[in-house]
Amino acid sequence: MELGHVVVLAGGLSYEREVSLRSGRRVADALRARDIPVELRDADATLLDALTDDPPDVVFPVLHGAAGEDGSIRDVLELLDVPYVGARPDACRVAWDKPTAKSVVRRAGLRTPDSVALPKEVFHDLGATSVMDKIVGSLGLPLFVKPTRGGSALGASVVHEASGLSAAMVGCFAYGDAALVERHIAGTEVSVSVIDRDGTPTALPAVEIVAPGGVYDYTARYDAGDTEFVTPARLTPEASTRATAAAVTAHRALGLRDLSRTDLIVSEDGEVHFLEVNVAPGMTETSLLPRAISAADLDLGEVCESLLQAHLP
């Protein structure tokens, strides 16, 4: 069966709306280059009627942030009985919550930095100063602070001194109601994308990230030229094998399908540490999944088409 009507879903109302729109346009352009009819739609009040009145063959969600990655939009697509690319709702919910995802992959044998996850209310009710003192005393310094849910490094920061933890928490709580505070692992930051090829999760070449100031924040991610990307990552053969195996393990352990991107730190001793996984990786000109696809001598449009084809009746 040929793809006669594909909807690429982008936009939404999360903090990552603009990035999602850029991702959606790139996916739509890549598919149109392969002569596939594509409709680019926003996740707004017109969506349900549009999908009901003219059901597409398959939907390709490229929604980042809440609703796009927490499983809710995918729940709606399943209610409408519309096929779509990407993880099922239950798997999205597990992967979307970073502390839960860390627990799942740890049980699957992966290393992940020691951490604590606390809602804003705990800091308020128990006394922020006392709680932060206990965190520093237990985890040490430096620390990495980020919202328990969300992407694009919004609200994330590195804390090198105890005096900086308060500001980091305030910045984190601007983007979410709970914070994940991890022990910061020094090493090489890499991202390993996984795509399902003929039903088998396949790791693409690892992308090494060299961000200005050592922090891969929102600006470093989406402003072209600010960050150096090295593909394949400059790892030893043994560390490279462990990194790609870790990404496939996370993909399987979390019950993901079609595509995912796992962020890792390879410490100086070559050990691989899981940070988080993304079920709707960015597709912009600076995003990591398209870089990995190119490094594997694959075409973005061909990969997207194959993922769509897998969901045809």
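The stops that follow go from the nonpolar cores to a strand pair, then to side-chain pairs and backbone features. The model is predicted.

**The nonpolar cores**

Begin by selecting Val6, Val8, Val27, Leu31, Phe60, Met283 and Leu308, which have the most contacts inside the largest nonpolar core, a set of 30 residues. Next, colour the elements that give two or more residues to this core: strands S1 (6–10), S3 (58–61) and S10 (207–210), together with helices H1 (17–32), H11 (288–295) and H12 (300–309). Among these, H12 gives the most, with 5 residues.

Then select Ala206, Ala246, Val266 and Phe274, which are included in a second, separate core of 28 residues.

**Strands S12 and S13**

Show strand S12 (residues 259–267) with S13: the two run antiparallel and are joined by 6 bridges. The hairpin that they form has 4 residues between the strands, and Gly270 takes a positive phi near 90° there. Is strand S13 (residues 272–278) largely enclosed or open? Of its 7 residues, 7 are buried, so S13 is largely enclosed by the rest of the structure.

**Aromatic rings**

Display the aromatic side chains next; the structure holds 2 aromatic pairs. Tyr15 and Tyr175 form an edge-to-face pair, with 4.9 Å centre to centre and 75° between the planes. Tyr15 lies in the loop between S1 and H1, and Tyr175 in the loop between helix H8 (165–173) and strand S7 (178–183); the two are 160 residues apart. Tyr15 is exposed, with a relative accessible area of 57%, whereas Tyr175 counts as partly exposed at 34% relative accessibility.

Phe123 and Phe173 also form an edge-to-face pair, with 5.7 Å centre to centre and 70° between the planes. Because Phe123 lies in helix H6 (residues 120–126) and Phe173 in helix H8, this pair ties together parts that are 50 residues apart in sequence. Phe123 counts as buried at 6% relative accessibility, and Phe173 is buried with a relative accessible area of 14%.

The charged end of Arg257 sits over the ring of Tyr84, 4.9 Å from the ring centre.

**Salt bridges**

Arg257 forms a salt bridge with Asp258, and their closest N and O atoms are 3.9 Å apart. Asp258 counts as buried, at 6% relative accessibility. The structure holds 19 salt bridges.

Select Glu285 and Arg22, whose side chains meet in a salt bridge (2.6 Å, N to O). Glu285 is in the loop between S13 and H11 and Arg22 is in helix H1, so the pair ties together parts that are 263 residues apart in sequence. Glu285 counts as partly exposed at 47% relative accessibility, as does Arg22 at 24%.

Move on to Asp75 and Arg93, which meet in a salt bridge of 2.8 Å, N to O. Asp75 belongs to helix H3 (residues 72–79) and Arg93 to helix H4 (residues 89–96), 18 residues apart. Asp75 is partly exposed, with a relative accessible area of 29%, and Arg93 is partly exposed with one of 35%.

Finally, display Lys102, Lys146, Glu182 and Glu276 together; salt bridges that share partners join them into one network.

**Backbone features**

Most residues other than glycine have a negative phi, and most peptide bonds are trans. The last selections depart from these patterns. A cis peptide bond joins Leu141 and Pro142, with omega about -5°; Pro142 lies in the loop between helix H7 (128–139) and strand S5 (143–147). Another cis peptide bond joins Thr231 and Pro232, with omega about 0°. Pro232 is in the loop between strand S11 (228–230) and helix H10 (237–253).

Asp35, although not a glycine, has a positive phi of about 65°; Asp35 lies in the loop between H1 and strand S2 (38–42) and is exposed, with a relative accessible area of 72%. Asp81, also not a glycine, has a positive phi of about 60°. Asp81 is found in the loop between H3 and H4 and counts as exposed at 67% relative accessibility.

Methods: Residues are numbered from 1 along each chain as its sequence is written. This is a predicted model: local features need pLDDT of at least 70, side-chain atom pairs count only at pLDDT 80 or more; totals for chains, interfaces and linings use all residues. Side-chain values use heavy atoms; hydrogens and water are left out. A nonpolar core is a set of buried Ala, Val, Leu, Ile, Met, Phe, Trp, Tyr and Cys residues joined through side-chain atoms within 4.5 Å. Buried means under 20% relative accessible area, exposed over 50%, partly exposed in between (1.4 Å probe, protein chains only). Two strands pair if DSSP finds at least two bridges between them. Rings of Phe, Tyr and Trp (its six-membered ring) pair if their centres lie within 6.5 Å; planes under 30 degrees apart count as stacked, over 60 as edge-to-face and the rest as tilted. A charge sits over a ring if NZ of Lys or CZ of Arg is within 6 Å of the ring centre and within 35 degrees of the ring normal. A salt bridge is a side-chain nitrogen of Lys or Arg within 4 Å of a carboxyl oxygen of Asp or Glu.
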